[in-house]
Amino acid sequence: MKRSSTYLLVSGAVALLFGLVAAFFPIATAIALVVLWGVYALLDGVTAAIMAFRPAPGQSRGYLIFTAVLGVVAGLIAIISPTTAGSAFAWVLGLWLMVRGVLEIVAAFTQQQPAPRWLLVLGGVFWLIAGWLIMSSPGTAALAIALWLGVLAIIWGIVLLVVGALVRREAKRAEPIRGEVVPPPIFPSDGPTA
């Protein structure tokens, strides 16, 4: 339990630190996240290119080459120009939200639904509004996402710190597990002897 509490406390402190940095520096956070994604996409593309030389049975060499080119190009754009990539990501997210909204509204009238139709239409309208807001200001949307990520990390960090402290307290109260070797105290309970 003591090791678990240490892990929880360290994880909570790291999450809290990340959350504070993300909340107070959302521009830098957004750029860093785009660059990290760019590195991932670049590595994924290189991996797909390597796999294209010896595709596994059932794998399409053409698909692997397409994936490789797409990953390398997207990764390089994200690394070289993270603001452009961040704006493009926000546009794609906004477009996806709008398409989802339209599909939800259409589904409310064309498919049998267990939920009331007006709730599905309302949900679709909210998706449309969210998509429009993101597409109308992709830079602000990227900053808002970074800020919300920071706030969530702060909350999660606090939760982990509290749980870690509670687990540590219980570990101190608990009796040793049978068979567990308990190290002797550094100083006897009577205090150091001279």
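**Exercise 1.** Find what share of the contacts in the chain between residues at least 6 apart in sequence join residues at least 24 apart.

*Solution.* Count contacts as heavy atoms within 4.5 Å. Among the pairs at least 6 apart in sequence, 73% join residues at least 24 apart.

Before going on, a word on the ground rules. This is a predicted model, where local features need pLDDT of at least 70 and side-chain atom pairs count only at pLDDT 80 or more, while totals for chains, interfaces and linings use all residues. Residues are numbered from 1 along each chain as its sequence is written, and side-chain values use heavy atoms, with hydrogens and water left out.

**Exercise 2.** List the elements of the chain from the N terminus on, then work out how much of the chain is buried.

*Solution.* Start with DSSP runs, numbered from the N terminus: helices are H or I with at least four residues, strands are E with at least two. That gives 6 helices and 0 strands, in the order α-α-α-α-α-α. Next, sort residues by relative accessible area: buried is under 20%, exposed is over 50%, and partly exposed is in between (1.4 Å probe, protein chains only). Of the 194 residues, 24% count as buried.

**Exercise 3.** Take helix α3 (residues 61-80) and check its span, then decide where its buried residues lie.

*Solution.* First the span: the expected value is 1.5 Å times one less than the number of residues. With 20 residues, α3 reaches 28 Å from its first C-alpha to its last, close to the 28 Å expected.

Now pick out the buried residues of α3: L64, T67, A68, G71, G75 and A78. Looking down the axis, they fall within an arc of 115° (taken from the directions from the helix axis to the C-beta atoms), so they line one face of the helix. A handy reminder: an α-helix has 3.6 residues a turn, so residues three or four places apart point the same way.

Finish at the N-terminal end, which S60 caps: one of its side-chain oxygens is 3.4 Å from the backbone nitrogen of G62. Polar contacts here are pairs of N or O atoms within 3.5 Å; within protein, one must be able to donate a hydrogen and the other to accept it, and residues adjacent in sequence count only if both atoms are side-chain atoms.

**Exercise 4.** Zoom in on T67 and work out what surrounds it.

*Solution.* T67 sits in helix α3 and is buried at a relative accessible area of 19%. A polar atom of its side chain lies 2.8 Å from the backbone oxygen of Y63. Skip residues up to four places away in sequence, and T67 touches D44, G45 and A48.

**Exercise 5.** Which way do the rings of W96 and W127 meet, stacked, tilted or edge-to-face?

*Solution.* Rings of Phe, Tyr and Trp (its six-membered ring) pair if their centres lie within 6.5 Å; planes under 30 degrees apart are stacked, over 60 edge-to-face, and the rest tilted. The structure holds 1 aromatic pair. The centres of W96 and W127 are 6.3 Å apart with planes at 65°, so the pair is edge-to-face. The partners sit 31 residues apart, W96 in helix α4 (residues 82-110) and W127 in helix α5 (residues 117-136). W96 is partly exposed at 47%, and W127 is partly exposed at 28%.
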